[in-house]
Each structure stands twice: as structure tokens, then as C-alpha cells.
Amino acid sequence: MCVSHDMSKPCVLLFFPSMPLARSLSITSLSGLEEWDEEFDLEDAVLFEIAWEVANKVGGIYTVIQTKARLTAEEWGENYFLVGPYVESNVRTQVELIEPTNPALKRAIDKMNSSGCKVYFGRWLIEGSPYVVLIDVAFTAWNLDKWKKELWDNFSIGVPWFDREANDAVLFGFLTAWLLGEYAAQCEEPPHILAHFHEWLAGLGLALCRQRQLPVATIFTTHATLLGRYLCAGSVDFYNNLADFNVDKEAGDRQIYHRYCLERTAARCAHVFTTVSQITAVEAEHLLKRKPDIITPNGLNVKKFSAMHEFQNLHAQSKNRIQEFIRGHFYGHLDFNLDKCLFLFIAGRYEFSNKGADIFLEALARLNYLLRVNHSDVTVVAFFIMPARTNNFNVETLKGQAVRKQLWDTAQTVKERFGKKLYESLLVGQLPDVSKMLSKDDFTMMKRAIFATQRQCQPPICTHNMLEDSNDPILTCIRRIGLFNSSADRVKVIFHPEFLSSTSPLLPMDYEEFVRGCHLGVFPSYYEPWGYTPAECTVMGIPSISTNLSGFGCFMEEHIADPSAYGIYILDRRYRGVDESCNQLTSYLFQFCQQSRRARIIQRNRTERLSDLLDWRYLGRYYISARHMALAKAFPDTYFYQPHDSDTAQGFRYPRPASVPPSPSLSRHSSPRQSEAEEDDDRYDEDAEAEKDRLNIRQPLTLPSKKGPALPYTLPGANGEKNGATGVKN
């Protein structure tokens, strides 16, 4: 289970006889979930969900916990507590500190505070307003050496002094285990505690709970294996060599051996081990040496519009704001038609290869060639939204927006003068003399504005001044492929090395608003355990490109017969070489550019209808199943859960749309691309097709609250009489 940081020492594995590890519940589709006959009684159970990103935004796990909190709070009510680190700057803006509402928890927190800790209780001010317990790890740093010794004595894991993040993980792990143990001791009756730990930073607390034999049912979720991320960043052939890696050596070579040990220990000790996608499950089985018991896909809180055209209107409004930015950025070189301009984007952590920015740039260069040789009137603007080290905005970029604003102000001034003269002429019953409507001053003002738009240089690639311009991967690649935003290029590139904000003087848009205004999200990732960016595109009705190496791409391939017909393009990066994958991506992009405006509108409607698949009201049931499984394993005398036979799961798949699919080559044989002359063709009935899609997926159902009725929806393998499972309290 765990290993020493000293490579000369043998690997020490700890096994707990009462903890079954082998069986994996295969859950592959939503409609294969059997009905529950009885409610799983949670009245005297308490759920603690523990993560470093509770009220502390670091990465994607923050989004998972924040968006899932409302649904979990509805299910567990007053018995749901999130546990995270106390970060004062975050607490001031996100948390309302209050007195603990649970008497046993109040006594536990008071006991810890009187023993030299600082533990806070409050409500996290997000949807659902869940309770949070925040622990100040820095305040107890004086215990670090003692706890490191205990970690070595019990688990043979040594943590070096210079790894601050690992030191925080040790402090946080021991403090969470202390909290859970103290809470169990303060309960008047034997408690049924369920603790769900996310990622290696929280995992040590799980191992300590098992080692101390606390009455706690444990779940460990890895959202991405630590070693997997490091290996992929090193440009290795990861997925074809998963079974061959010497994991101890690879972790040691990358100086993350102690971190890897903490993660593997948590995975091996947990009653239930979960991960976010099937592709990550395969990875975890080889790198962490345990097959996940259940897959728990990540969801979002989907907000449905009362009318279908509303999200299309939002797209048009946001697109107009992006067009305004483009007018300023390309001033002096605005020789393309903005009405025939498509906005593509990639966003996320700046991992050049892992996120697929390398293959995207290469595909853009090939797309540029295809558009030019085919004399296309379509222009593509590709945005790269990836934070990097900068020192300020680019002066030329800011100047562009100032010139655009000056032009707008000039046009407004002339328009007002023209309108006043027109009004006065009509008042006296005369048609205006057009030659006298504009004065010499007006012409002078307009000429000066036009001269101000003259530009001697090309429009900038990067909107900011990069600190390491010569070594930046994106800029280096752009210099190699020669996409410099010249007039002859049909593909323009804009690198925005900063997260978007509505307060920015350059592009004042929030990320959600920006995504709504784009036409296509491109995420050709090589390593992407789930992929929130394409999921966010889907719920906003924006088509996207992902890969069969991302959790999102695999999930969509599994549930949709023809994903591209719904605007979900799946790039094959698992069974094709880089050049073949790049050609496939280029083909997708070129065919997307050939679509008519009406075809894109139809496709956005279809994409938005898939949002139900990604709603927590569907995907939250997988977390529920994992919790019930953990309670049954930890408290077999009280709870019963029998995994179903995976071969009997009956899944659903969205069928291919019957009418006028606007997607590329996969759809071409039955639905040829329409020309602009066919804009008014009435073969496509949007309402009829939407109704067909609704028949293929049940509407989101309300999860049970603490005082609610029996579960009104299905759970994975839940019918005890039919190779399923029953969750009952004896």
C-alpha cells in the first residue's frame, strides 16, 4: 500500500482483512440503473466531505465540490459537512462563520481548539449553503515533525522538509483524522460516520482513520493520478505503456515518491475507491494498483431556459461583444467580413502538450492552407486562454481598443449632427439635400479618424507582454508554423495569457459569457481525466472537440450514437499517431467552417439538449451509490448493499438525429450540407426533433432530502431481487 522514500528499503504494504478490494461495479449508462424498493435510511448517518479545495479555489476539484454541494445538501440536510483548509482571504469573501449546529461536532471543535488547534465552522456562500469546517493547518505546524515521525513509523512514508505542499498534506491529514476521531468520541450513541476524501492532499486522513480503526466509512476519489499527470507532461507514450511502468522508479525519478505513496495509500485503504472516468479508472488500476469500485462522473448545475431561443440570443449578444474586441485588435487590417468570422477557443491550465495546444496549432496551420487554396470567404479567429507569466498588457493591444473607441465616438458625433439636420429638414416639409447634410468639419473629423486606423505592423498575437517570450511554447510554435495574423491568412490567432474577467480593460467578459459567444471549443487533450471545459460548452449549447483520451469524450461516445451530429466531435488520439490525429482535427475544423449559419444554429440546439446528461441531478446518483456501498462495507450489521451483475446493465444511447444533421463527414451520407440558398428550407422541424430527443432521456429528477420520501429515481444496481442491491437498515 505504501512505500518508503528510501529506495533501498522494501515496499511496505498494509492490508485490512475487513476491507474488500477486488470487486468493481461496472456502471456505464444512466438508464441501466435499477429501481430502489426501499429507502436507504441515512437519518443517523453523517457525511464529511474532505478536500483541499473546499472554499479554496486551486483547480477543477473546486468546481466539482462547489457545483455538487447543493444536491448533496438536499440529500443529507443538517448532517452534511465539508472540511477544508482555513485560508483567510477566501473566508472573508466566501464563508459566513457561525456557531456549530451539531452538538457533538461543537464539542469536538471546542476540544480541538482547547488543545492548540484553530478550527472554524460556518456556511459556504454558494448554492445550497453547505456547512463547512475549516482547519488552520499553519497554526498547528509545530506538530509537523512529530506527525512525520508517526507517518514513518506506521506507514513507512517519509516526507522531505522542502516539499511545502506535502507538508501541508501531512498537517491536513492528521488534523482531519483528529476531527473525525474527536467527533466519534463526542457522539452519545455509536455514530455512522461517512468520510469522502478527494485527491492525495486529503488522502492521509483516510489512511489514519483506517489505521486507528475509527468507526468511519471511507471513500477516496482520485480526479487524476499524480504520477499520470507527471508522466504525460514528460511526453511519454503513456496509454500504450501503462502496464509496463515501474511506478516506484518513475515516481522516484520525478521526486514525487512520497506524494505518490500518500495517494496510493489512500486508494488502497479506502472502503470504496472511485474515479471520474473510465479512462482514469484504467490508469488508476495500473498506477495505484487498485481497480476503482465505481465511476463517479463530474456534473454541472444546469440552468434550463424556458424558451429554446433564449440561449441562442445570449450567443448572439456575447458574439457581438467579441466582435467589438476583434474590431479593435485588428484595426488597420480588418479586411475580413465579421459576419463570416468563426470564433474558436481553447482554455485551461497552461500544459502545452497535455491540453493539446500543440496539435491545435498545427491543425490551425493546415486549416489556414485549406481555406486559402479553396478561396473560402470564412475567417477563423482562434483564442488561446491559458494563464502564463506576464508583466502587463501589450501596449499595441490596448491602443487597438482605444482606436476602436475613438472611431465609435466619432461616428456617434457625426450621426447626431446628421440626425439633427435631417430632423429639422423634415419638420419644414422638405426632403434633405444630402450634399449639405455633412459639413467640412464632419469630413475632416472622419478623415482624421480613418488616418488614425493606419497601422504599419501586423496585429499582435499575444495580448500581454510575456516574461519568457522566446521560450514560450505557444509563441515558439506560432513562429514555426508562420501564423502571424497577416492579411493573406484566413486563420488568425490571439493568445490571451490570463483568465478572463469582466473587469479587464481589454476583453471585459467573464469566461461563461465568452464561451457563449464562441462558435466552437477545441480541447484535443492528451491527458484529461474528465474535462470540464467541453462539458461547460455543452450545457451552453456550444459545439466542442474533445478526444477519446478524455473522460468527457469517452462518456459522450458511450451515450450518443453519433456524437458529431450533436456537436460533440471526438478526436481519436488513442489509436492514431500524432500526424493522423492532427489530420482528423483539421478535417473537423474545415468541415465546421463549411457549415451554413442555419446548420450551426440547428447544431447548437442539439448540443444544448445534451445538457441533461451532464446535470448533477443525473450524475449525482453515482456518488450516492458509492456512499451506500461504503456504509454497507463499514457497518455490515446496519446497512446492506449487494453489487449487481454488471453484465445485466441496460444502457441507453441517444440515437442519431433523423433529420438534417448539420455535422461533418459522419453525417454527410444522409444529410448533405445545406447551401446558403437553402436557408428557408422547412425540412427541419426543431420542435419535433427536440421532442424525439426528450423521449430518449428522462427529465432530471429531484434527489431525496433528509425528510423526503423514498428515492424517486434509480441507483446503480439497486434491485435486491434482480442481481441488484438493496440498501436497508436492519
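Mentor: D163 sits in the loop between α4 (144-155) and α5 (164-186), where helices (H or I, at least four residues) are DSSP runs numbered from the N terminus. The model is predicted, with local features needing pLDDT of at least 70 and side-chain atom pairs counting only at pLDDT 80 or more, while totals for chains, interfaces and linings use all residues. Residues are numbered from 1 along each chain as its sequence is written, and side-chain values use heavy atoms, with hydrogens and water left out.

Trainee: Is D163 buried or exposed?

Mentor: Buried means under 20% relative accessible area, exposed over 50%, and partly exposed in between (1.4 Å probe, protein chains only); D163 counts as buried because its relative accessibility is 8%. A polar atom of the D163 side chain lies 3.1 Å from the backbone nitrogen of A166.

Trainee: How many salt bridges are there?

Mentor: Side chains of opposite charge can pair when their charged atoms come close. With a salt bridge taken as a side-chain nitrogen of Lys or Arg within 4 Å of a carboxyl oxygen of Asp or Glu, the count comes to 35. One of them joins D293 to K633, with the closest N and O atoms 3.7 Å apart. This pair links distant parts of the chain, 340 residues apart, with D293 in the loop between α10 (278-287) and β10 (294-295) and K633 in helix α21 (residues 616-634); strands (E) need at least two residues. D293 is buried, its relative accessible area being 0%.

Trainee: Which residues are linked in a network of salt bridges?

Mentor: E362, R366, R480 and D579 are linked in this way.

Terms used
Polar contact = N/O pair within 3.5 Å; in protein donor to acceptor, adjacent residues only side chain to side chain.
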